[in-house]
Amino acid sequence: MTTPVCTSASNAATAVAPATRPTMTTQTFPYPSFASYVKARQPVLLRTARSLTANPSDAEDLLQTALAKTYVAWERIEDHRALDGYVRRALLNTRTSQWRKRKVDEFACDELPEPEPVSCGDDQAERQALHDAMWRAIMKLPARQRAMVVLRYYEDLSEARTAEVLGVSVGTVKSAVSRALGKLREDPELGFVHS
């Protein structure tokens with residue numbers, strides 16, 4: 001069964017008079033395999049997108065854009081076992097483009113809000129507070145360091161695989177992750193974790 005990508009184009013082709021209608025070959029589009037891939041991997045890919053943005057709606061938009069780019073390149077992707085890496089790279093490239101285009105709005109204030117110290121225990125609320133504080137600290141990192149920390153510790157990729165996904169050397173990943181962890185250790189909002 002063929003599924004046309006553009007209905008208006010397929011309708012226009014059938015509207016041509018029979019005498020002038022060009023002979024069209026039947027082309028099978030990769031939509032069924034793409035749809036099954038998205039259905040199976042969407043939760044994992046959405047988690048990756050959420051780790052790259054502060055807003056859940058932005059994460060959904062980011063994933064949709066990356067999947068659209070993947071769909072366009074579907075036939076050119078030789079190894080479909082490496083699709084997650086391809087989509088992650090599309091996510092990172094798209095987000096990087098967005099960071100470069102964004103307007104930075106920073107406002108000076110007289111007082112910095114001081115976080116309330118929270119003790120780490122078995123309470124779900126305390127764990128959620130720690131999780132939220134960690135995400136706020138990660139979102140303060142530069143884009144490149146944040147991407148590396150997310151891939152290394154949230155996506156559980158090795159240093160070599162992280163380097164491969166980002167197109168950098170393993171040494172770059174090691175040094176950037178080390179600097180990022182140093183910044184996270186110095187983050188005042190996470191100070192209660194060390195005490």
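This is a predicted model: local features need pLDDT of at least 70, side-chain atom pairs count only at pLDDT 80 or more; totals for chains, interfaces and linings use all residues.
Residues are numbered from 1 along each chain as its sequence is written, and side-chain values use heavy atoms, with hydrogens and water left out.

**Overall make-up**

The protein has nine helices and zero strands. Helices (H or I, at least four residues) and strands (E, at least two) are DSSP runs, numbered from the N terminus. Read from the N terminus on, the order of elements is α-α-α-α-α-α-α-α-α. Of the 195 residues in the protein, 31% are buried. Buried means under 20% relative accessible area, exposed means over 50%, and partly exposed lies in between, using a 1.4 Å probe and protein chains only. A contact means heavy atoms within 4.5 Å. Among contacts between residues at least 6 apart in sequence, 62% join residues at least 24 apart.

**Helix packing**

Axes are lines fitted to C-alpha atoms, for helices over the stretch in contact, and angles run from 0 to 180 degrees between N-to-C directions. Angles under 35 degrees count as roughly parallel, over 145 as roughly antiparallel, 65 to 115 as roughly perpendicular, and the rest as oblique.

| Helix pair | Axis distance | Angle |
|---|---|---|
| Helix 3 and helix 4 | within 9 Å | roughly 120° |
| Helix 5 and helix 6 | 9 Å | about 140° |
| Helix 6 and helix 8 | within 9 Å | roughly 100° |

The axes of helix 3 (residues 56-72) and helix 4 cross at roughly 120°, which makes helix 3 oblique to helix 4. The crossing of these two helices is right-handed. A crossing is left-handed if the near helix is turned anticlockwise from the far one by less than a right angle, and right-handed if clockwise. Residues of helix 3 in this contact include Leu62, Thr65 and Lys69, and those of helix 4 include Ala90, Leu91 and Thr94. Thr94 is found in helix 4 (residues 83-101). Its relative accessible area is 5%, so Thr94 is buried. Leaving aside residues up to four places away in sequence, Thr94 touches Leu62, Thr65 and Lys69.

Helix 5 (residues 124-139) has 16 residues, which should span 22 Å at 1.5 Å a residue, and its end C-alpha atoms are 22 Å apart, which agrees. The expected span is 1.5 Å times one less than the number of residues. Buried residues of helix 5 are Ala133, Trp135, Ala137 and Ile138. Helix 5 packs against helix 6 at an angle of about 140°, and the two are therefore oblique to each other. Met134, Trp135, Ile138 and Met139 of helix 5 make this contact with Arg146, Val149, Val150 and Tyr154 of helix 6.

Helix 6 (residues 143-154) has 12 residues and reaches 15 Å from its first C-alpha to its last, close to the 16 Å expected. Its buried residues include Met148, Val149, Leu151 and Arg152. The axes of helix 6 and helix 8 (residues 170-186) cross at roughly 100°, and the two helices are therefore roughly perpendicular. In this contact, residues of helix 6 include Met148, Val149 and Arg152, while those of helix 8 include Val173, Ala176 and Ala180.

Asp156 lies in the loop between helix 6 and helix 7. Its relative accessibility is 65%, so Asp156 counts as exposed. Phi of Asp156 is near 60°, a positive value in a residue other than glycine. Most residues other than glycine have a negative phi.

Thr162 lies in helix 7 (residues 159-166). At 0% relative accessibility, Thr162 counts as buried. Apart from residues up to four places away in sequence, Thr162 touches Met148, Leu151, Arg152, Leu157 and Val173. Thr162 and Arg152 are 10 residues apart in sequence, and their C-alpha atoms are 6.6 Å apart in space. A polar atom of the Thr162 side chain lies 2.8 Å from the backbone oxygen of Ser158.

**A residue in helix 2**

Ser33 is found in helix 2 (residues 31-52). With 37% relative accessibility, Ser33 counts as partly exposed. Ser33 and Trp74 are 41 residues apart in sequence and 9.5 Å apart in space, C-alpha to C-alpha.

How values were computed
A polar contact is a pair of N or O atoms within 3.5 Å; within protein, one must be able to donate a hydrogen and the other to accept it, and residues adjacent in sequence count only if both atoms are side-chain atoms.
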